[in-house]
Amino acid sequence: MSDRLPEQPGMFAGLLAVARRDLLLAWKRPGDVLNPLFFFAMVCTLFPLAVGPSPEQLTFSGPGVLWVAALLATLLSLNTLFMSDHEDGSLDQLLVSPQPLPVLALGKTLAHWLISGLPLVLISPLLAMTYRMPGDAMGVLMLTLFLGTICLSLLGSIGAALTVGLHRGTALLSLLILPLAMPVLLLGANTVSLAAGNEVYATGIWALGAYAVGAISLAPYATAAALRISNE
Amino acid sequence: MTAKLSGKDLTLIRGESCLFKGLGFALNPGELLLLEGRNGSGKTSLMRAIAGMLSLEKGEIYWNDIPVNRQRQEFHGALVWLAHRTGLKGDLNLVENLRFEASLRPQGNVDLAAVCDRLAIARLKRLPLRSLSAGQQRRVALARMLLADVPLWLMDEPFTNLDREGRKLVMELTEEHLLKGGMCVMAAHQDIEINVPVVRVGL
């Protein structure tokens, strides 16, 4: 039984298995999914009430508010990414599993994005209406949030992996992530502003896309290394 | 010296204290490596080091005479770790938990139903794991170990939370595994009786 070489599961079997398990867990605890979404919706609807209903002001501040709220909602959901796995020991089991760790980390991040990032993207046009955003700009908002939340989930997974062994690492996680997340926020909010003002905005989308591709290819390795370090 | 699993000149320092120094062991198929020592003597640390999760100050663990660090994935494919914390999801039921574990490994030819019967957990299949007792969860972790169908078992205090029958069952399963040519590294602070070659490491 020792020296046979049985057929190994494919490269992405681990990714799919981890993502499927995390989605199943989220399905059984819907509160985790709704929390960031609720936060996002609250901030975006309370803001117009606080600053007053003047259309110019709302159109002007809309992209910024929506983007800041999306960034904070994502940060809010990040500290739970590896925490429960760390507490019940299943993170240790992932570390000794025969699948490559970066692929497993990517699977966890994919599930996190599907649970917390994608709902933000889908609900954003509804909230953008509060800010009198024109129809074209709404499409751009969704596209930038789509790319931006992917970046944020991936960057966040590195921070979450580094702080997983610490108790109350939430503040530290935000501090670690924010410098890397700044370009995403600036690009996203400015691109939507440009689109809302009928100006040329394509550059921002290309840049966000490039950032996302870079993050997908590099972040899983950083996350895997961070997980190994913080689990020693 | 050639052995399937061996460690040479292992040294681990945690904080101010040196847990072990110049430690070595060699394990061949059919043998049990028993790590003995009082609480806090470094049994779990040594086991984590063997699993490649803890870097040592000095020394190297070898699998087939190749350092584990250079073939991590192959080595992890050959071992399963029964840790102190079970690593099972409380919100998922037994079948969902075991199916997840199975999808990370090559398909073994071990029957899930037979394993569940053997461990007396067959009637708990549809319950979320958090509603099971600590001992029953331990049995599910044992089921995962059996289903993995790999040569090397790492067992950290396998008797925790188990009743007398459970402890007997662990001994029987270990004995069967070793007689089939498997290997086992066990950390225990109680005496165990088993009819297979035992390599002892005192910490």
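Trainee: In what order do the five strands of the open sheet in chain B stand?

Mentor: This is a predicted model, where local features need pLDDT of at least 70 and side-chain atom pairs count only at pLDDT 80 or more, while totals for chains, interfaces and linings use all residues. Residues are numbered from 1 along each chain as its sequence is written, and chains are lettered from A and ligands numbered from 1 in the order in which they are written. Helices (H or I, at least four residues) and strands (E, at least two) are DSSP runs numbered from the N terminus, and two strands pair if DSSP finds at least two bridges between them. The pairing here is parallel, and the order in chain B is S6-S7-S8-S3-S9.

Trainee: Which strands of chain B stand at the edges of that sheet, and why is one side of each left without a neighbour?

Mentor: An edge strand has a single partner strand, so one of its sides has no neighbour in the sheet. In chain B these are S6 (79–82) and S9 (198–202).

Trainee: In S8(B), which residue is the bridge partner of B:Leu32?

Mentor: Strand S3 (residues 32–36) and strand S8 (residues 183–187) of chain B run parallel and are joined by four bridges. Within S8(B), B:Leu32 has as its bridge partner B:Cys184.

Trainee: What angle does the direction of helix H6 of chain B make with that of S8(B)?

Mentor: Helix H6 (residues 164–179) of chain B packs on the sheet, touching S3, S7 and S8 of chain B; residues are in contact if their C-beta atoms, placed from the backbone, lie within 7 Å. Axes are lines fitted to C-alpha atoms, for helices over the stretch in contact, and angles run from 0 to 180 degrees between N-to-C directions. With S8(B), the direction of H6(B) makes about 145 degrees.

Trainee: How are H2(A) and H6(A) oriented to each other, roughly parallel or roughly antiparallel?

Mentor: The axes of H2 (residues 31–51) and H6 (residues 101–129) of chain A come within 9 Å and cross at roughly 30 degrees. Angles under 35 degrees count as roughly parallel, over 145 as roughly antiparallel, 65 to 115 as roughly perpendicular and the rest as oblique. H2(A) and H6(A) are therefore roughly parallel.

Trainee: In S4(B), which residue is the bridge partner of B:Ser6?

Mentor: Chain B also has an open sheet of four strands in the order S2-S1-S4-S5, with antiparallel pairing. There, five bridges join S1 (residues 5–14) to S4 (residues 58–63) of chain B. In S4(B), B:Ser6 is partnered by B:Tyr62.

Methods. Two residues are in contact if their C-beta atoms, placed from the backbone, lie within 7 Å.
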